[in-house]
Amino acid sequence: MSTFDERSSETPLLPHTRSIDPADRVASWRLGTTNRRPRRWINRFSLSVSGIAILTALTAVLTWATTAIGPPPHVAVTLAGTDYRANLDLPPNAMGDRAIGRLAAWASGTRTQMRTNIQLVKPPIELATKADFDQIDTNREAAVSLIYLSAHGIHTARGAGLLPADAGSEADTFLVADLLNRIATFPENQKKILVLDCVHFQSEPGLGILLNDFTRQVRQLDAQIQAIPNLVVILSADTHQQSWINPASGTTAWAQTFINAMNGAAEDLDQDGWIDLLDVHRHAAQQTERWVRNACHQQQTAILLPEGDSAIQRGRNLPLFPASTASIDIPALIDPVNSDRLRDWWLLHEAFDSRQPHPCVWSPALWRRFERTLLRYEHFEQVGSQSAADRLSEQLDDLRISLQRPTRIESIARSRWRPPSSNGRFSRRRGT
């Protein structure tokens, strides 16, 4: 008899399980379709949304890191210049001086249009005397200091100099080196820009200048410029060149392109989101060079100091305003020409010129002053500088009275003079 329980070979070894009904197969299929497939679709959608959000955030971070420098810097603007309206021994500078007015209008803005980060330190300085250069200063709290000068620059034995309105000789010049010494006292971390539109003539025999070497002497100050932290100097013309005027704009050609560049025409060359000084300089230099070449058939190249890569680096590290900043409307500041008054003065000149004896015989100094004042008046009248034209018209009126009043010298000259004889030779009465 066997000791183990014998079982049938058909008895299953695994525990009994309930058979699956066909209805259960349908239910389990439905359950799989309603629970598993939607969960897989939701997971993919979430991953896609998360990926897009992460990419957007990374793009924003990278954009901020490459373009954001902070808010626009506070730029303190100091303007100084003169038009030499009363100095008959120096060429006029009406168009250079008008650039000062336009820059003042740009910095001041209007009620509806204003650059809030651009502010004038003080009203434009009239460089009437050498002492007026001492007024050039800046707001030491500003991030950027911009000093713009429009005056005659000449070379001297002491170095590059600037002429005030009353200058009569080389001794009256204010040296550029002294101006740099003053700028050196500005805060070290302040970005500094010195703009010199000062080469308005190439020669001036009255001052003993046969070839104006102002720019070359400024370039010799490169070591001093390099030693002043964060300083960039812009010259409107290179050595032995001239800052040409643009009658259509009423300013010098370079001044107009510089104003346009500061007012939004400059391009963001390095695509960093900001217009820096290098962008402004390159735009103004290229536009000026093109205009002077086409209109004057001359060469004018604006330069940046200090020499070499240092100027480029300093210019790039000097952002002025965002590239998206809108331009503002700047008034032309050109008054209409008073043609009637100008014609009347030249008719009076013809009347004096036809007098016998001629005014240059009995009053040569007075006649010379009248003619030179008339030419200067005509210049300021034609360029639309009405304030200077009015002042010169007053001077002409005083000279007219002096020329119309007979003097003892004129009476003697008339008594000793008679018209040319028929043979074309002058005759003279004997004095009593």
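Me: What volume does the second largest pocket have?
Reply: The second largest pocket has a volume of about 170 Å³. Keep in mind that this is a predicted model.

Me: Which residues line the second largest pocket?
Reply: Its lining includes a run from the chain, Pro91, Pro92, Asn93, Ala94, Met95 and Gly96. His200, Gln242, Ser243, Ile245, Thr252 and His379 also line this pocket.

Me: How do those divide into nonpolar, polar and charged?
Reply: Five are nonpolar, seven are polar and none is charged.

Me: And which element gives the most to that lining?
Reply: α2, with three residues.

Me: OK, the largest pocket then. What volume?
Reply: The largest pocket comes to about 280 Å³. It is lined by 18 residues, and those closest to its centre are Asp97, Arg98, Gly101, Ser385 and Ser387.

Me: Which elements supply at least two residues of that lining?
Reply: β1 (75-81), α2 (94-108), β3 (125-126) and α12 (386-404). The top contributor to the lining of the largest pocket is α2, which gives five residues.

Me: How many nonpolar, polar and charged residues in the lining of the largest pocket?
Reply: Seven nonpolar, six polar and five charged.

Me: Switching to the inside. How many residues has the largest nonpolar core?
Reply: The largest nonpolar core has 38 residues. Leu149, Val176, Leu180, Leu194, Leu196 and Phe214 have the most contacts inside this core.

Me: Which elements give two or more residues to this core?
Reply: Among the strands there are β4 (144-150), β6 (159-162), β8 (191-196), β9 (231-235) and β13 (303-305). The helices are α3 (176-183) and α4 (214-219). The largest share, four residues, comes from α3.

Me: What does leucine 194 touch?
Reply: Leaving out residues up to four places away in sequence, leucine 194 touches Ile147, Leu149, Leu179, Leu180, Ile183, Leu231, Val232, Val233 and Ile234.

Me: Why would nonpolar side chains be buried together?
Reply: In soluble globular proteins, nonpolar side chains tend to be buried together.

Me: Backbone next. Cis or trans, the peptide bond from leucine 305 to proline 306?
Reply: Cis, with omega near 10°. Proline 306 is in the loop between β13 and α8 (309-316).

Me: And the bond from glutamine 356 to proline 357, cis or trans?
Reply: The peptide bond from glutamine 356 to proline 357 is cis, with omega near 0°. Proline 357 belongs to the loop that runs between α9 (339-353) and α10 (359-362).

Me: What about phi of asparagine 230, positive or negative?
Reply: Phi of asparagine 230 is positive, near 65°, and the residue is not glycine. Asparagine 230 is placed in the loop between α5 (222-227) and β9.

Me: Is asparagine 230 buried, partly exposed or exposed?
Reply: Asparagine 230 has a relative accessible area of 27%, so it counts as partly exposed.

Me: And what phi does histidine 240 have?
Reply: Histidine 240, not a glycine either, has a positive phi of about 60°. Its loop is the one between β9 and β10 (245-246).

Me: What is the relative accessible area of histidine 240?
Reply: For histidine 240 the value is 40%, so this residue is partly exposed.

How values were computed:
Residues numbered from 1 in each chain as written. Predicted model: local features only at pLDDT ≥ 70, side-chain atom pairs only at ≥ 80, totals over all residues. Heavy atoms only, no water. Core = buried A, V, L, I, M, F, W, Y, C linked by side-chain atoms within 4.5 Å. Buried < 20%, exposed > 50% of the residue type's maximum accessible area, 1.4 Å probe, protein only. Contact = heavy atoms within 4.5 Å. 1 Å grid on protein atoms, 1.4 Å probe; cavity = no way out; pocket = protein on both sides within 12 Å on 5 of 7 lines; lining within 4 Å. Points joined across faces, edges and corners; volume = space filled by probe spheres on them. Nonpolar A, V, L, I, M, F, W, Y, C, P; charged D, E, K, R; others polar.
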